[in-house]
Amino acid sequence: MTESLPIVYLSVLLVILGGLGVFVFSQVLKARRLENTFGKLQKKLQNSKGSAQEYYQLGSIYLDKKLYSQSINLFQKALKMGEDVEPENQALIYNAMGYACFAQEQFDLAIRHYKDALKLYPDYVIALNNLANVYEKKQMVNKALETYEQTLAIEPNNKVAQRRANSLKKRLVET
């Protein structure tokens with residue numbers, strides 16, 4: 001029994017290290033793919049006009065890199081290019097712009113962009129949750145609760161809206 005114990009420990013260690021190695025390798029590949037896409041899109045959009053989708057993609061990459069001002073500029077270009085883009089896709093762009101403004105603590109602009117997204121696509125649950133989150137940050141508890149309840153009317157099993165609505169209800173009862 002005691003002779004097999006080191007073998008068991010080494011086997012467990014190898015499995016853990018192997019899993020960690022696979023995870024690190026997949027993250028490196030993902031980062032390389034993202035940087036490759038980033039470089040191609042940047043080069044293409046510098047040399048010529050791109051499509052709304054390409055501007056949105058590049059803006060999303062800038063958003064991931066936390067370069068919010070640049071991402072907003074790219075999203076605005078996507079909206080200008082995308083007169084023929086479907087309303088649901090325009091709503092995605094407005095939502096992304098709202099997120100970039102929220103990250104920069106420009107809450108009023110974020111609210112405006114989220115509302116623009118909801119005008120185009122009223123059942124856009126992510127934009128509703130984001131809007132409610134901004135209302136919470138601005139201490140507009142009643143509006144936040146109302147917006148979370150609107151989300152739950154569309155998607156009753158939405159975990160974020162359920163959790164936040166319950167928290168806000170408790171806060172309102174306490175005050």
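Trainee: So what pattern does the chain follow along the sequence?

Mentor: Reading along the sequence, you get α-α-α-α-α-α-α-α. The secondary structure comes to 8 helices and 0 strands. Keep in mind that this is a predicted model.

Trainee: What's the radius of gyration, and what would a compact globule of 175 residues have?

Mentor: The protein chain has 22 Å, while a compact globule of 175 residues would be near 16 Å. Along the principal axes, the C-alpha trace spans about 70 × 60 × 25 Å.

Trainee: How much of the chain is buried?

Mentor: Buried residues make up 35% of the 175 residues.

Trainee: OK, the core. How many residues are in the largest nonpolar one?

Mentor: It has 44 residues, and Leu 58 and Val 134 have the most contacts inside it. Helices α1, α2, α3, α4, α5, α6, α7 and α8 each supply at least two residues of this core. The one that gives the most is α4, with 8 residues.

Trainee: What does Leu 58 touch?

Mentor: Leaving out residues up to four places away in sequence, Leu 58 touches Phe 38, Leu 41, Gln 42, Leu 45 and Leu 74.

Trainee: Switching to the surface: which residues make the nonpolar patch?

Mentor: Leu 10, Leu 13, Leu 17, Leu 20, Phe 23, Val 24 and Val 28 make a patch of about 660 Å². Phe 23, for one, is found in helix α1, which covers residues 5–47.

Trainee: What about Asn 129, buried or exposed?

Mentor: Asn 129 counts as buried because its relative accessible area is 11%, and the cut-off for buried is under 20%. It lies in helix α6, residues 125–137. Beyond four places in sequence, Asn 129 touches Tyr 148, Thr 151, Asn 158, Val 160 and Ala 161.

Trainee: And which residues is Asn 130 in contact with?

Mentor: Asn 130, in helix α6, is in contact with Asn 95 and Tyr 114, again leaving aside neighbours within four places.

Trainee: Now the backbone. What's the phi of Lys 66?

Mentor: Lys 66 has a positive phi of about 65 degrees, although it is not a glycine. You'll find Lys 66 in the loop between α2 and α3, and it's exposed at 58% relative accessibility.

Trainee: Last topic, charges. How many salt bridges does the structure hold?

Mentor: There are 5 salt bridges. One of them pairs the side chains of Lys 119 and Asp 116, at 3.9 Å, N to O. Both residues lie in helix α5, 3 residues apart, about one turn of the helix. Lys 119 is exposed, with a relative accessible area of 67%, whereas Asp 116 counts as buried at 19%.

Trainee: Which residue does Glu 136 form a salt bridge with?

Mentor: Arg 171, with the closest N and O atoms 3.9 Å apart. Glu 136 lies in helix α6 and Arg 171 in helix α8, so the pair ties together parts that are 35 residues apart in sequence. Glu 136 is buried at 9% relative accessibility, and Arg 171 is partly exposed at 32%. There's also a network of salt bridges that links Glu 136, Arg 164 and Arg 171.

Trainee: And where do Glu 149 and Lys 169 lie?

Mentor: Their side chains meet in a salt bridge at 3.9 Å, N to O. Glu 149 lies in helix α7 and Lys 169 in helix α8, so this pair ties together parts that are 20 residues apart in sequence. Glu 149 is partly exposed at 37% relative accessibility, and Lys 169 is partly exposed at 39%.

Note on methods. Residues are numbered from 1 along each chain as its sequence is written. This is a predicted model: local features need pLDDT of at least 70, side-chain atom pairs count only at pLDDT 80 or more; totals for chains, interfaces and linings use all residues. Side-chain values use heavy atoms; hydrogens and water are left out. Patches are made of residues with over 30% relative accessible area and no salt bridge: like charges are joined within 9 Å, nonpolar side chains (Val, Leu, Ile, Met, Phe, Trp, Tyr) within 5 Å. Accessible areas come from the Shrake-Rupley method with a 1.4 Å probe; for residues, only the protein chains shown count as cover. A salt bridge is a side-chain nitrogen of Lys or Arg within 4 Å of a carboxyl oxygen of Asp or Glu. Helices (H or I, at least four residues) and strands (E, at least two) are DSSP runs, numbered from the N terminus. Buried means under 20% relative accessible area, exposed over 50%, partly exposed in between (1.4 Å probe, protein chains only). Contact means heavy atoms within 4.5 Å. A nonpolar core is a set of buried Ala, Val, Leu, Ile, Met, Phe, Trp, Tyr and Cys residues joined through side-chain atoms within 4.5 Å. The radius of gyration is taken over C-alpha atoms; the globule rule is 2.2 Å times the number of residues to the power 0.38.
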